[in-house]
Amino acid sequence: MAMAVIIDGKKISQQIKDELKEKTAALRAKGKTGALAVIQVGEDPASSVYVRNKKNACAYIGIESLAYELPEETKEAELLKLIEELNQKTEVKGILVQLPLPAHICEDKIIQAIDPKKDVDGFHPQSVGAMTIGEKGFLSCTPAGIIQLLKRSGIEITGKHCVVIGRSNIVGKPMALLMLRENATVTITHSKTKDLPKICKQADILIVAMGKPQYIGAEYIKEGAVVIDVGIHRDENNKLCGDVKFEEASSIASAITPVPGGVGPMTIAMLMNNCVQSIEEG
Ligand code: NAD
């Protein structure tokens, strides 16, 4: 049996970052610059890794990043005040608040405080609404990254049946909407869905964002399907793995994303894309 083509997210994200680096230099030559403000509250180690990667990506493509590392006990009102200040600063073109926030801070309230023109994560209700009706606005980074992975791998989306597992606001829902926008026929599944294997087996493109380590195996995958694995977990040996049983899935799928090196690097590349877009428009 033929093995699936491995969709190389590391390579594709590098291409995108190199394109953005050139674009940033061209914008700078025209006097267009700007900074990304990155706010972290507390010291969650996973968040610290993400924040560091985002700052490194900014340095690579030539965008200034401003780091705000606030203590765990920061009050909601203080964070809102900082966001308001950053909304007013013209040189700040993007504002990113690393999630999750400590339990005493309401994430929705914080997201809604960000000026939609600087909402480079694409989480503000205005950005989500714009995406839903196909208006201009920042796209949610992980789903936008997956669209790029598919397009740049030459995978046709129009007319294909796409099944998305998961309906979270940051992955599942925007993913389904973007696939719809690309003319796929979309099915959204979730924890209350009945007969998940049967539905998934109908997918030409299966996008898995359920947050369950190595859950999806052969019984969910149609011969020749494209499998996109959004999950990120540590297995018992502390190695990274996804929601999909990679070896098993690879022998059935025509193309598959690995973890690590699949969707993960694309998320940051698309964040950078949104920052450059913001600099260009500002
Ligand atoms: P979440 O927990 O918010 O959502 C999980 C979704 O899966 C829910 O909508 C739920 O209904 C569904 N689900 C759970 N169990 C199910 C089951 N048994 N059958 C069918 N559906 C089920 O998670 P999330 O924020 O959407 O993230 C999903 C995964 O993707 C996590 O592992 C997360 O770490 C990872 N993630 C990766 C990136 C990246 O850049 N690669 C970005 C965001 C999230």
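Okay, let's start at the ligand: one of its oxygen atoms sits 3.0 Å from a polar backbone atom of Ser191. Taken alone, the ligand exposes 860 Å², and the protein buries 73% of that (Shrake-Rupley areas, 1.4 Å probe). Quick caveat: this is a predicted model, with local features needing pLDDT of at least 70, side-chain atom pairs counting only at pLDDT 80 or more, and totals for chains, interfaces and linings using all residues. Numbering runs from 1 along each chain as its sequence is written, and side-chain values use heavy atoms, with hydrogens and water left out.

Back to the ligand. An oxygen atom of the ligand is 2.8 Å from a polar backbone atom of Arg167, and an oxygen atom is 2.5 Å from a side-chain N or O atom of Ser168. In total, 22 residues surround the ligand (a heavy atom within 4 Å). They split into ten nonpolar, ten polar and two charged. Helix H10, residues 263-281, gives the largest share of that shell, three residues.

Now, strand E5, residues 161-165. What covers the picture here, buried or exposed residues? Five of its five residues are buried (under 20% relative accessible area, 1.4 Å probe, protein chains only). His161, Val163 and Ile165 are on one side, with Cys162 and Val164 on the other.

And its neighbours? E5 runs parallel to E6, residues 185-189, with five bridges, and parallel to E7, residues 205-208, with four. Val163 stands opposite Thr187 in E6, while its bridge partner in E7 is Leu206.

Notes
Polar contact = N/O pair within 3.5 Å; in protein donor to acceptor, adjacent residues only side chain to side chain. Helix = DSSP H or I, 4+ residues; strand = E, 2+ residues; numbered from the N terminus. Nonpolar A, V, L, I, M, F, W, Y, C, P; charged D, E, K, R; others polar. Buried < 20%, exposed > 50% of the residue type's maximum accessible area, 1.4 Å probe, protein only. Pairing = 2+ DSSP bridges.
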